[in-house]
Amino acid sequence: MSALSTSPRRRLLALAGLVIAATLTAATPTAGATTQPVNLALNGTATASSVELNDSSRFGTAFAKDGRTDTRWSSGYQDDNWVQVKLASPAHVDHVVLRWPNACARDYVLQTSTDGTAWHDVTRVQRDACPRTDVVDVQSETPISFVRMQGKQRFSQYGYSLSEFEIYDQPEPAVAPGLGLVPKPVSVTEPGGAPFGLGAGTRILAAGPAAVAPARYLASALRPATGFDLPVTPVSDAAIPDGPRGNSPAPIIVRVRPGGGPAGHEAEGYHLTVSDQRVDLVASTTNGALNGVQTLRQLLPQWIESRTPVSYSWTVPAVSITDYPRFAHRGVMLDVARSFYPVPEVKRYIDDAARFKINRLHLHLTDDQGWRIAVGNPAVNPSGIDYGLLTKVSGATAMTYNSSGQLMGTELGVTGYYTKADYAEIVRYAGVNGMTVIPEIDVPSHINAALHAIPQLNTAGSQPRPAAGQETVPSNGTPNVGYSSLDANSEVTYEFVQHVLTEIARLTPGPYLHIGGDEAHVTSHADYVTMVDRFAAQAAALGKTVVGWNEYAGTALPRDNAVIQYWNGDRTAVANAVRDRGAKVVLSPASNTYVPQKQDARQPVGGTWACGGPCGLDRHYNWDPGTYIPGIGQSDVLGVESALWGEFIRHIDQAEYYAYPRIAATAEVGWTPQNLRNYGDFTTRLAKLGGRLTLSGTNFFPTADVPWTIAAHGNDLTTPAGTPATVEWIVTAPGETTAGLTATVTWNDGTTEPITLTQPKEGSISLMRLNGPLQASATRTFNTPATYVATLSIKRPGQTPTESSVTVTTN
Ligand code: TNX
């Protein structure tokens, strides 16, 4: 028996692991003892072998280290130029960050020196594409005084350009500080004290009938990773244990009762209190409790999102949270008309968004390219329309090619449609996730699919006109907009829309009917107003609140019963409708919420019209819905909605890749008070969510603005002595490839070996997947029965290593 198998030592190790895990998750901003890395270059002096431009405001050697990325040093047009920084005093250097605004070095050597004469090569960097940033580990053993970028080869005829030459004394912590909650709650206090432990015996008590659904939701969210039963027991409020719990495991208590949630925020607010004695979640409504459940999920270690069992010490830090949304409407829109998403994919979009407390699912069900919702025939059918043709004919069409005959996306648009049962299932599933479905039937334009399917709609004033001898217009899968229109002067138009809205209203428990109204470019203004007035009145007569895109703001909206969804264009008309018609506003400004716009310049496909370039995560975060439309008050704004249009996005994987993490930004814009919002703080919190999204299989874009946290975990194992033991780790490292990381495994008998990380799911920008989990494994054969510990250490340049230990018991 080796010394290590003695149980006291083992328990100590295990305990130490638990304490470390608990401190990491519970760390408060002030608790972190480590100081932030200091950029020593700021107090240093830059010199260079050449300089391209010199002016006193932005260009010149000194601007290489002034802490600003909008100024720079650029070399002359030769290959072998250098720039160096002399530190104010000799210092230990951990790492160097080089920021290249556009022209980087294809090949350079990073060097250090104590005297500026004798140089030590730290590393040589060679590549075929220009990155924005290089992070190079130096980890000098003795203090040094100079760091130099010695160029070897340019990329083009131009020289090298550095907007910043940063030299740091310490690594960045691998794990961002703080709890990592998104959207940021209204109030969080961390009283300290022992964490709550979730174990095999944990029970979930549901007090009040409305607490059972959120309690069950919680249990099913926690079961896959924990493998625990987590039984849900309905109880009366009075039966809830008050004081210490004696010997039974600490329970999770979900209570829904009048007055349970924060006063004035009954609809969606909650209180969540966690101690080692219990988790106490209280709300006034089911949806309020669901919001608390989502917060609780984020407070558990990220591995809770694993789809397969993970052995882990599941703890929740002691916290007290009071939380409620700023806006009632926090939506996501899915354009299922241009390219279809079958029910399981819609459910995945719901799962993704629910984590961020999104509470509206807007389905853009019809457009020129396709019709996606089954409509039955009415008992009274004056024009004899066969409504079944809508899906039979136009459920089989979708986006095809642009006007130059090219594919818009990676493939043709997906065809298909929802039966009434499918739609009911989406509505049900959305409801379980706290979401209201808002169906959109886009009229009077964006209507080619209906004109293609239904002969009776092709009347003298409809557009386009069928060819001679044809009853209907051809299908049109191009991305063209605004060329189709219903006929304002035909009663068939109103009969058709009335019936469709009636059927959709019946299938939809939520209060809204969206009638589109956008981009009716070939409809005369008079005809547009005539039609939209009647459609809006039809929706209102069905007991629904009508919603339309902002083009419809100038029509006679039902008084105090209309919602305008703003995307682009005239804001004054919206303000006038709020003032004159009592309309409410949902904000989806294209530049702040449209996900088909590129997230990043590196994305080969995506729009750039809304932002004049990529609409990055910052654009989706940095705006205030409360002041967006001049002349209206915050109380006139129902909220915000992200919009996923379907011209080129195909299937749920691509949808997620475009939508995430920007939907997390929209969720926080809609939830968190403006004065608590800050982009830097948001990206720090988001850093920890990357691992969760990776584990849940959400295909997000690992935006460079976010300091994504690397994490690793392996399950402990037991093997017979004398047979090989293979330890396997799963590694979440958003945006990293195996090439960017170094890994080693150290066994507690002192052996260390380098490890090759593997990437089971290939990732690249063109594959639209960058964030799959990585894997590591190490094999040893132990002949003596004992307990062995293998520690994986993963190093990203510029950061402290991430470590994860696994225990191997041989017997
Ligand atoms: C405009 S936004 C549209 C959609 C397009 C989108 C993106 C809005 C209300 N209408 O039909 O899909 O631009 O190209």
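Buried means under 20% relative accessible area, exposed means over 50%, and partly exposed lies in between, with a 1.4 Å probe and protein chains only. By that definition, both Cys 611 and Cys 615 are buried. A disulfide, meaning a pair of cysteine sulfur atoms within 2.5 Å, joins Cys 611 to Cys 615, S to S 2.1 Å. The torsion about the S-S bond of Cys 611 and Cys 615 is about 110 degrees, so this disulfide is right-handed.

The model is predicted: local features need pLDDT of at least 70, side-chain atom pairs count only at pLDDT 80 or more, and totals for chains, interfaces and linings use all residues. Residues are numbered from 1 along each chain as its sequence is written, and side-chain values use heavy atoms, with hydrogens and water left out.

The structure holds two disulfides. The other pair is Cys 104 and Cys 130, with sulfur atoms 2.1 Å apart. This pair links distant parts of the chain, 26 residues apart. Cys 104 sits in the loop between strand E4 (95-99) and strand E5 (105-113). Cys 130 sits in the loop between strand E6 (120-126) and strand E7 (133-137). Strands here are DSSP runs (E, at least two residues), helices are DSSP runs (H or I, at least four), and both are numbered from the N terminus. The torsion about the S-S bond of Cys 104 and Cys 130 is about -120 degrees, so that disulfide is left-handed. Cys 104 is buried at a relative accessible area of 0%, whereas Cys 130 is partly exposed at 35%. With the bonded cysteines of the protein chain numbered in sequence order, the pairing reads 1-2, 3-4.

Now turn to the barrel. Strands of a sheet pair through backbone hydrogen bonds, either parallel or antiparallel. Here eight strands close into a barrel, and the pairing is parallel. Their order is E20-E21-E24-E25-E26-E27-E28-E29. The twist averages 25 degrees from one strand to the next. Two strands count as paired if DSSP finds at least two bridges between them. Strand E28 (residues 584-587) and strand E29 (residues 637-644) are joined by three bridges and run parallel. Val 586 stands opposite Gly 639 in E29.

Helix H4 (residues 343-354) lies across strand E20 (329-335), strand E21 (360-364) and E29. Contact means heavy atoms within 4.5 Å. H4 runs at about 155 degrees to E20. Axes are lines fitted to C-alpha atoms, for helices over the stretch in contact, and angles run from 0 to 180 degrees between N-to-C directions.

Which peptide bonds are cis? The bond from Val 443 to Pro 444 is cis, with omega near -5 degrees. Pro 444 lies in the loop between strand E24 (436-443) and helix H7 (448-453). The bond from Gln 463 to Pro 464 is also cis, with omega near -5 degrees. Pro 464 is found in the loop between H7 and helix H8 (491-507). Most residues other than glycine have a negative phi, and most peptide bonds are trans.

Leu 230 is not a glycine, yet has a positive phi of about 50 degrees. Its place is the loop between helix H2 (212-226) and strand E14 (232-235). Leu 230 is buried, at 0% relative accessibility. His 651, in helix H13, has a positive phi of about 70 degrees. His 651 is partly exposed, at 27%.

Salt bridges come next. Each is a side-chain nitrogen of Lys or Arg within 4 Å of a carboxyl oxygen of Asp or Glu. The whole structure has 34 salt bridges. One of them joins Asp 653 and Arg 769, at 3.4 Å from N to O. Asp 653 lies in helix H13 (residues 651-659) and Arg 769 in the loop between strand E34 (752-755) and strand E35 (774-781), so the pair ties together parts that are 116 residues apart in sequence. Asp 653 is partly exposed at 31%, and Arg 769 is buried at 12%. Arg 579 forms a salt bridge with Asp 580, the closest N and O atoms being 2.8 Å apart. Arg 579 is exposed, at 59% relative accessibility. A network of salt bridges links Asp 237, Arg 255, Arg 257, Arg 278 and Asp 280.
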